[in-house]
Structure formats: structure tokens, C-alpha cells
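Subject: Structure handover

Hello,

Please find the structure below. My notes come after it.

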Amino acid sequence: MKKHWQRALVTGASSGIGREMARQLAAGGTELVVVARDAERLEALAAGVQVDVEVLPADLSHAADLAAVAARIDSDDDPIDLVVNNAGLGFSAEFGDIPIDRGRLMVDVNVAALHELTHAAAIALTRRGGGTILNVSSIAGDLPGPASATYNATKAFVTSLSESLHVELKQHNVVVSCLCPGLTRTEFQERAEIDDLGLPDAVWQSASDVARCGLAAAAAEKPIVISGVVNKFASRLARSAPRVLTREVARRTTRA
Ligand SMILES: NC(=O)c1ccc[n+]([C@@H]2O[C@H](COP(=O)([O-])OP(=O)(O)OC[C@H]3O[C@@H](n4cnc5c(N)ncnc54)[C@H](OP(=O)(O)O)[C@@H]3O)[C@@H](O)[C@H]2O)c1
């Protein structure tokens with residue numbers, strides 16, 4: 001990561017990829033505003049780094065909390081020049097078997113909150129003459145996902161929004177980058193109630209490698225980055241193959 005940001009707001013900084021991004025940014029001297037529901041874990045993160053950290057506990061599915069985070073992005077006091085929209089969740093089951101509250105939560109956090117915070121960041125960073133927005137999507141956003149339809153659709157939204165804004169906001173010196181990880185060892189699978197997938201180690205990445213890849217892409221002002229060689233290869237294959245084939249592979253590889 002060559003570019004230096006003064007102060008970054010990272011959502012989902014209590015765990016996984018977001019916590020690693022926060023630590024790596026802090027190691028490079030970037031001050032932090034860290035957002036998640038679990039305040040204790042955010043405090044523990046703050047205690048373990050050498051830079052100033054504001055702890056901003058928020059449930060991004062709650063309108064008042066979301067508004068408070070948007071207001072922090074907007075504030076010109078101790079201004080933020082990097083916004084990382086990383087918080088997210090998944091759930092794997094047949095569409096009709098997912099309780100609607102759980103489906104709505106995925107849409108609220110992965111889509112609605114990210115949309116609102118990206119909007120706040122676009123306005124604030126444009127007003128301040130520039131900055132960076134890094135949105136965390138998934139390679140799932142490019143793929144049909146039987147038994148993961150809502151999650152995949154939320155990530156398709158994130159990738160599409162980010163790529164459009166990369167083009168649109170360039171004129172205002174605002175960089176929008178999108179990180180698309182594949183399988184990453186975090187708490188995500190356990191929270192999503194996905195059992196051990198029985199996949200080889202080679203398809204998994206560590207949270208720190210994925211975080212480094214995303215921050216490097218944002219520093220290099222790239223529109224989209226897919227983390228990891230295996231994911232890059234699989235994604236390219238899926239994109240270039242006839243869609244009918246992609247759907248058939250998705251059908252056959254979907255767990256019962
Ligand atoms: N792990 C993977 O295989 C994988 C693959 C592709 C993409 N991704 C994406 O990577 C991102 C980070 O996930 P991860 O793998 O690091 O998973 P994780 O370890 O489960 O971390 C998720 C983070 O999101 C936060 N979060 C969840 N719901 C929230 C809410 N309502 N309000 C505020 N914060 C909330 C959690 O904090 P609290 O619980 O403290 O609120 C936590 O810090 C997600 O967008 C995910 O979709 C992950």
C-alpha cells in the first residue's frame with residue numbers, strides 16, 4: 001500500500017477482513033474510525049494499535065445508527081479521507097427457507113447501508129476535494145447462487161454500484177474501488193451457518209491477505225480487484241463461459 005490516508009472509517013472492523021484492514025491501515029499510520037455492533041471488540045482493536053482510534057458502535061441495519069455513521073463521514077472535523085464499506089453477512093439456504101427477517105437483514109446491511117454510506121462519502125469527499133471509497137463485494141456477485149440467491153444479489157449490487165461510481169466520481173478526484181474476495185477464513189461462514197465446505201486449503205485465503213489486496217487496489221486506484229489467483233481464474237472462467245454453462249455448474253455444485 002503506497003498511498004497514505006490520514007483517517008479511515010472502516011465498517012465491520014470487529015472481525016475478519018475489516019479488522020485486518022483496520023490493523024494494516026493503522027500500521028501505516030492512518031488514524032481510524034471503527035464501526036460494528038460489538039463495542040468491546042472495537043475497543044480491543046483500538047487498544048492494540050498505535051494510532052488514534054474513534055470507536056463508533058453501530059448496528060447498520062438500524063436507521064438512527066446508520067445516520068450517525070453517515071454524519072461522521074460528512075463531518076469536516078477530523079475529516080475522513082478513506083471509507084471502507086466492509087460490514088456484511090450471508091446466509092445459505094433455499095430462498096423460501098430463509099426467514100424473511102434474515103433475508104431483509106442481508107439487504108439492509110449489504111445493500112441499503114452500503115448505499116447510504118457510499119452516498120454520504122461521495123458528497124463529503126467531493127466537497128473536500130477528493131478521497132477514496134473501498135467497497136467490499138464478493139466474486140459471488142458475478143455468479144448465479146442457488147441456495148445463496150439473496151447474498152449473491154446483494155453483492156451484484158455492490159459490484160455494479162462501485163464500478164459505475166468509479167467512472168462517475170473520477171472527475172471529483174474521488175476513487176471508488178471494489179474488492180471481490182472468494183472464500184476467506186473469517187467468522188463469515190459460521191455466522192452464515194455454512195458447514196465446513198470440505199474444500200482444499202488452496203481455495204481459502206486469509207483475512208490479512210484479502211485485506212492487503214483490497215487496500216493495495218484502492219491505493220492503486222483500481223476499479224475492481226478479485227483477491228487470490230484461484231478466484232481470479234475461476235471468475236474469468238465464469239465470465240467468459242456461456243451463461244447457461246455457468247448456471248449448470250452452479251446447480252451441480254449447490255449443496256443439497
Ligand atoms: N469470508 C468470506 O468467505 C467472504 C467472501 C467474499 C466476501 N466477503 C465479504 O467480506 C465482508 C467482511 O466479511 P468477513 O468475511 O470479514 O466476515 P465476519 O468475520 O463475519 O465480519 C463481518 C463484520 O461485519 C459486521 N457486521 C455484521 N452485521 C452488522 C450490522 N448489522 N451492523 C454493523 N456491522 C455489522 C460484523 O461486526 P459485528 O458483529 O460486531 O456487528 C463484523 O465486523 C462482508 O461484506 C462479506 O460479505 C466475505
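The notes cover a helix pair, the ligand shell and one alanine.

This is a predicted model, in which local features need pLDDT of at least 70 and side-chain atom pairs count only at pLDDT 80 or more, while totals for chains, interfaces and linings use all residues. Residues are numbered from 1 along each chain as its sequence is written.

Helices are DSSP runs (H or I, at least four residues), numbered from the N terminus. The axes of H1 (residues 16-27) and H7 (residues 207-219) come within 8 Å and cross at roughly 60°; axes are lines fitted to C-alpha atoms over the stretch in contact, with angles from 0 to 180 degrees between N-to-C directions. H1 and H7 are therefore oblique to each other (under 35 degrees is roughly parallel, over 145 roughly antiparallel, 65 to 115 roughly perpendicular, the rest oblique). The residues in contact (C-beta atoms, placed from the backbone, within 7 Å) include Gly16 and Glu20 of H1 and Ala207 and Arg212 of H7.

The ligand is surrounded by 29 residues (C-beta atom, placed from the backbone, within 6 Å of the ligand), and the closest are Gly12, Gly16, Arg37, Asp38 and Gly88. H1 gives the most to this shell, with three residues.

Alanine 124 lies in helix H4 (residues 100-127). Alanine 124 is buried, because 22 other C-beta atoms lie within 10 Å (buried means 20 or more, exposed 12 or fewer, partly exposed in between). Not counting residues up to four places away in sequence, alanine 124 touches Ile73 and Asp74.

Regards

Key: Helix = DSSP H or I, 4+ residues; strand = E, 2+ residues; numbered from the N terminus. Contact = placed C-beta atoms within 7 Å.
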